[in-house]
Amino acid sequence: MEKQYLKTIGSPSLEELKNSPAFPTEEDYKKGPIAVIECIEEIPCNPCETSCFKGAIVVGKPITNLPQIDFQKCVGCGICVAACPGLAIYIKDYTYAEEEALISFPYEYLPLPKVGDIVTLAGRRGEEICEGKVTKINNTKVNNHTVVLSVSFPKNNFLEVITMKRL
Amino acid sequence: MNNNGLIVVIGAGPAGLSAAIEAAKVGAKVIVIDENEKPGGQLFKQIHKFFGSKEHKAGTRGIEIGVQLLEETAKLNIEVWLNTEVCGIENNREIWVIRDKKQSVSLKADKIILATGAIENAVVFPGWTLPGVVGAGAAQTMINISRVLPGKKVLMLGSGNVGVIVSYQLLQAGAEVVAIVEASPRLGGYGVHTAKVCRAGVPFYTSHTISKVIGETKVEAAEIVKLDGNWKPIPGTEKVLEVDTVCLATGLNPLTELAWIAGCKFHYIPELGGHLPIHNRAMETTVEGIYVAGDISGIEEASTAMEEGRLAGINGAASLGLIEEIEREKLTQEVWDRLDALRCGQFGQKRKDAKDRLLAVEKEVV
């Protein structure tokens with residue numbers, strides 16, 4: 001049952017994610033901001049690979065391969081976040097502050113929050129997890145209308161938080 | 001009207017425009033006919049970023065691909081007849097059309113490319129005729145083209161890519177999606193799409209279907225019911241959801257009438273949407289000089305439709321002597337390589353296998 005989460009509930013379970021080639025380990029999170037790719041089905045798609053300046057993400061051929069990521073090369077720049085057509089990538093930084101982590105996730109709803117706003121952060125099933133503070137709103141042209149929001153939040157919710165509740 | 005070396009493309013969606021562009025690039029005279037008042041087919045309501053690789057314009061929103069195709073069409077001076085319905089195709093590729101619902105015109109084509117697309121399937125249940133029950137594609141047209149919300153509380157029937165993409169866009173447009181209901185025990189669409197609506201708080205009901213829609217003059221609620229292993233409703237599991245709109249995302253059916261009229265031979269392939277005109281790798285049907293591309297040759301997606309359109313355009317133009325055989329083979333193979341890249345993996349392989357069956361039938365028939 002747990003293994004079938006994505007195809008029954010709609011979102012992947014942590015177990016499904018941990019079994020996928022791109023999901024970071026605890027060790028990987030300790031090095032700083034890194035891209036987290038929640039793409040565990042073989043679909044024909046590779047903009048994550050072609051957008052990455054560091055060559056950290058590899059899909060290869062066929063383009064239905066699951067993405068792989070080299071966390072030694074990934075610097076968490078975030079270019080892949082808006083490039084992913086599936087909105088399946090975010091940046092997480094466990095080292096952001098003593099008590100707080102930072103997430104930068106894709107967001108395609110209006111209205112947008114403002115920098116400094118307190119927002120409610122949510123998990124993979126839309127469940128409310130905790131509050132966070134918006135630190136940055138990236139809506140540059142290259143994003144092509146996929147806004148990337150950066151929000152700081154308490155570290156003890158590190159793995160669960162992936163997005164925010166719509167305003 | 002008499003034209004030498006004329007290619008008539010019927011349907012100005014992604015497949016038809018791509019076909020017209022490839023043929024016009026090498027100097028063919030091309031007329032594109034579409035019954036709608038605007039070209040682009042369904043591309044202009046696809047506000048999401050497409051999958052694929054760079055060659056497939058991955059990461060580009062459908063609406064932008066539509067703009068690019070129209071720009072190329074204009075640059076190549078391709079004639080586009082809008083508000084024009086094709087009513088008949090005679091044996092000698094004589095096409096009868098009605099322009100602007102008043103003028104009857106017939107034109108003789110040397111090659112015809114049918115890129116007529118598909119129509120949404122409906123499912124029936126008590127209350128399905130009530131206002132507020134709409135096709136998912138219709139709801140998508142309303143929100144993304146007409147900028148009108150079909151309703152505020154929506155139930156989506158069907159969890160394939162159309163169901164989940166339109167659900168996401170309904171959320172973006174400001175509606176609440178109360179439930180996505182799926183008869184199968186497993187969700188149909190790409191996991192990244194289901195995950196997107198799931199984290200927005202939309203619940204999925206697998207092994208469920210709509211038993212009835214409740215309302216006097218419009219949709220006021222929908223009753224869903226759980227299905228057993230044999231797809232039979234389990235009494236006592238009914239649940240009423242308060243909604244004002246029910247969207248049907250229950251598959252598509254190829255629009256093949258013109259291919260039937262033209263005398264094309266058909267083969268039944270349920271995975272691709274039903275009866276399909278048999279065609280070869282050049283997209284030519286069993287009627288010489290008539291080609292198909294896009295959903296009419298099997299329900300897929302815009303990315304594959306554009307590639308099939310290119311195949312038909314290249315091969316139609318080549319058969320008029322506008323492309324050398326060596327070049328035709330090279331170009332055709334390049335498109336097939338891109339198609340094969342899209343038709344693999346756990347979703348694409350089934351479509352590739354089904355398409356291969358259709359191509360195999362062609363070899364037997366011809």
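1. In chain B, the C-alpha centres of domain 1 and domain 2 lie 31 Å apart. Domain 1 of chain B is made of residues 6-119 + 252-364, and domain 2 of chain B takes in residues 122-248, the bounds coming from an automatic or database domain assignment. This is a predicted model, in which local features need pLDDT of at least 70 and side-chain atom pairs count only at pLDDT 80 or more, while totals for chains, interfaces and linings use all residues. Residues are numbered from 1 along each chain as its sequence is written, chains are lettered from A and ligands numbered from 1 in the order in which they are written, and side-chain values use heavy atoms, with hydrogens and water left out.

2. On the contact between the two domains of chain B, nine residues of domain 1 are in contact with 13 residues of domain 2 (contact being heavy atoms within 4.5 Å). The area buried between domain 1 and domain 2 of chain B is about 960 Å², and carbon and sulfur atoms give 62% of that area (buried area being the accessible area, with a 1.4 Å probe, that two parts lose on being put together, summed over both). Of the area that domain 1 of chain B buries against domain 2 of chain B, 56% is supplied by B:Lys45, B:Phe51 and B:Phe347, more than by any other three residues.

3. Between the chains, 37 residues of chain B are in contact with 38 residues of chain A. Chain B and chain A bury about 3,100 Å² between them, with carbon and sulfur atoms giving 51% of it. On the chain B side, B:Lys49, B:Val192 and B:Arg199 lose the most area to chain A, and together they make up 21% of what that side buries.

4. Turning to the rings, the structure holds eight aromatic pairs over all chains (a pair being rings of Phe, Tyr or Trp, the last by its six-membered ring, with centres within 6.5 Å; planes under 30 degrees apart count as stacked, over 60 as edge-to-face and the rest as tilted). The pair of A:Tyr94 and A:Phe158 is edge-to-face because the ring centres are 4.8 Å apart and the planes stand at 80 degrees. A:Tyr94 lies in the loop between strand E4 (89-93) and strand E5 (100-107) of chain A, and A:Phe158 in the loop between strand E8 (147-154) and strand E9 (163-164) of chain A, so the pair ties together parts that are 64 residues apart in sequence (strands, E, of at least two residues, are DSSP runs numbered from the N terminus).

5. A:Lys155 lies over the face of A:Tyr94, at 4.5 Å from the ring centre (the criterion being NZ of Lys or CZ of Arg within 6 Å of the ring centre and within 35 degrees of the ring normal).

6. A further aromatic group involves both chains, in that A:Phe105, A:Tyr107, A:Tyr109 and B:Tyr168 form one aromatic cluster. A:Tyr107 is buried at 2% relative accessible area, and A:Tyr109 is likewise buried, at 11%. B:Lys196 lies over the face of B:Tyr168, at 4.2 Å from the ring centre.

7. Five of the five residues of E4(A) are buried, so the strand is largely enclosed by the rest of the structure. A:Ile89, A:Ile91 and A:Asp93 point one way from E4(A), while A:Tyr90 and A:Lys92 point the other way. Strand E1 (residues 34-37) of chain A runs antiparallel to E4(A) and is joined to E4(A) by four bridges (strands pair if DSSP finds at least two bridges between them), with A:Ile37 opposite A:Ile89. E4(A) also pairs with E5(A), in the antiparallel sense and over three bridges, and A:Asp93 stands opposite A:Leu102 there. E4(A) and E5(A) form a hairpin with six residues between them.

8. In chain B, strand E4 (residues 84-89) and strand E5 (residues 94-99) pair in the antiparallel sense over five bridges, and B:Thr84 stands opposite B:Arg99. The hairpin of E4(B) and E5(B) has four residues between the strands, and B:Arg93 takes a positive phi near 60 degrees in it.

9. Finally, B:Val178 has its place in strand E11 (residues 176-182) of chain B and is buried, with a relative accessible area of 15%. Not counting residues up to four places away in sequence, B:Val178 touches B:Lys153, B:Val154, B:Pro203, B:Leu241, B:Glu242 and B:Val243.

Note on methods
Buried means under 20% relative accessible area, exposed over 50%, partly exposed in between (1.4 Å probe, protein chains only).
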